[in-house]
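Open the model in your viewer and keep the selection panel at hand.

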Amino acid sequence: MSRPIRILAVAGARPNFMKIAALLRELRARERFEVFLVHTGQHYDSAMSESFFAELGIAAPDANLGVGSGSHAEMTAEVLRRVEPLLAAQQPDALLVVGDVNSTIAAALAAVKLGIPVAHVEAGLRSFDRRMPEEINRVLTDAISEWLFVTEPSGEENLRREGVDARRIHLVGNVMIDTLLHHLEEARKRDTLSRLGLVRGRYAVLTLHRPSNVDDPARLRGLFEVLEALHEEIPVVFPVHPRTQAAIERGLEGRRPGLRLTEPLGYLDFLRLMADARLVLTDSGGIQEETTVLGVPCLTLRENTERPVTVSQGTNRIVGTDPATILAEARKILSGDAEPAGIPERWDGRAAARIADVLERDLGGRA
Ligand code: UD1
């Protein structure tokens with residue numbers, strides 16, 4: 001019997017955990033694979049990290065690099081420095097990375113220099129806005145990855161345009177949606193709404209953390225003005241990301257926004273909250289996809305999206321950050337103007353299985 005295929009998987013920040021969860025479940029269920037999980041420690045608060053491991057049923061990481069916060073260069077450099085000896089010691093057949101955070105590019109770069117091939121899950125997404133740190137991380141990670149696992153057709157097109165060999169591109173669906181579908185029933189049983197004093201279908205959910213929205217005090221004040229106006233019409237629940245908490249303290253000079261503020265929520269509570277919302281307003285990437293699958297209208301408070309299928313097929317509208325436009329679009333939804341939406345191809349809960357099939361086919365002979 002040949003030896004197992006050894007995969008070293010890396011996760012670092014909140015949006016990575018729901019993606020890696022689906023992959024770990026699939027790979028660890030297959031005898032052919034042996035997986036070593038590394039947490040970089042980019043996100044470290046219990047509410048941003050540990051609670052996700054518990055709720056998503058991810059076993060504790062085999063190693064934690066403990067990099068913590070810092071500037072982009074510091075974070076990236078620390079992951080690079082600390083992951084290299086681990087990769088050298090483990091000698092995996094492949095490195096598995098997800099998404100577009102600093103941990104993703106750093107781990108990929110360390111691996112490829114050691115001759116370890118990289119599998120990038122959620123490859124090919126492009127906002128075409130190079131001021132976004134995540135866009136740089138996406139472009140660079142894709143450029144050095146051997147397997148490019150793509151969630152939507154735009155990803156395939158982008159990679160082909162960048163000259164990537166079609167044999168390396170695999171449209172497999174969306175591992176984050178695998179996790180959503182796996183946990184939806186459980187989430188629907190949570191008492192989240194009664195705990196927060198909300199009524200099904202009669203509240204909006206807001207998330208905000210992009211540097212472009214929260215780091216500039218004037219823009220942040222403008223956004224809160226319009227969101228507070230909306231809150232007069234429908235309760236707006238706002239779980240506050242740590243970056244945003246810090247920005248609010250600076251930008252609003254101690255004033256608390258007049259919205260229903262909560263701590264960052266765990267995965268299941270947040271899923272329940274989204275599933276029963278009348279409307280979601282966000283600048284997150286993943287939430288645009290999750291609302292599409294849940295059939296909940298989503299207004300994206302950004303000028304662009306790297307996930308265009310959520311607009312062409314899903315419930316997402318890109319509304320920018322102009323206060324009057326946001327309010328007008330939100331009111332349209334409240335008055336019942338929502339287009340029927342569909343679910344993108346292969347967002348069916350089987351993306352991780354497709355990825356495992358490809359890795360098993362390509363690495364089975366080497367191991
Ligand atoms: C990162 C990702 C972004 C992702 C987001 C989700 C990059 C470039 N960006 O951005 O793509 O959408 O995570 O959350 O990797 N902090 C805590 N506790 C934590 C983690 C962070 O207090 O557990 C604080 C940090 O001290 C820092 C701030 O939150 O001040 C921002 O965290 P950071 O990881 O730098 O980036 P995000 O803005 O969260």
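How many residues does helix H15 have, and how far does it reach from its first C-alpha to its last? Select residues 323-334: helix H15 (a DSSP run of H or I, at least four residues) has 12 residues and reaches 17 Å, close to the 16 Å expected at 1.5 Å a residue, that is, 1.5 Å times one less than the number of residues. This is a predicted model, where local features need pLDDT of at least 70 and side-chain atom pairs count only at pLDDT 80 or more, while totals for chains, interfaces and linings use all residues. Residues are numbered from 1 along each chain as its sequence is written, and side-chain values use heavy atoms, leaving out hydrogens and water.

Next, show Ile326, Leu327, Glu329, Ala330 and Ile333, the buried residues of H15 (under 20% relative accessible area, 1.4 Å probe, protein chains only). Just after H15, glycine 336 takes a positive phi of about 95°.

Move to leucine 359. Leaving aside neighbours within four places in sequence, leucine 359 is in contact with Ile5, Ile7, Phe33, Ala119, Trp147, Phe149 and Gly364 (heavy atoms within 4.5 Å).

Last, go to the largest pocket, which holds about 1100 Å³ of space (an open set of points on a 1 Å grid over the protein atoms alone, with protein on both sides within 12 Å along at least five of seven lines; lining residues have an atom within 4 Å of a point; the volume is the space filled by probe spheres set on the points, which are joined across faces, edges and corners). Select Pro15, His43, Met48, His209 and His241, the closest to its centre of the 50 lining residues. H1 gives the largest share of the lining, five residues.

Technical notes. Helices (H or I, at least four residues) and strands (E, at least two) are DSSP runs, numbered from the N terminus. Buried means under 20% relative accessible area, exposed over 50%, partly exposed in between (1.4 Å probe, protein chains only). On a 1 Å grid over the protein atoms alone, a cavity is a set of points where a 1.4 Å probe fits but cannot get out, and a pocket is an open set with protein on both sides within 12 Å along at least five of seven lines; lining residues have an atom within 4 Å of a point.
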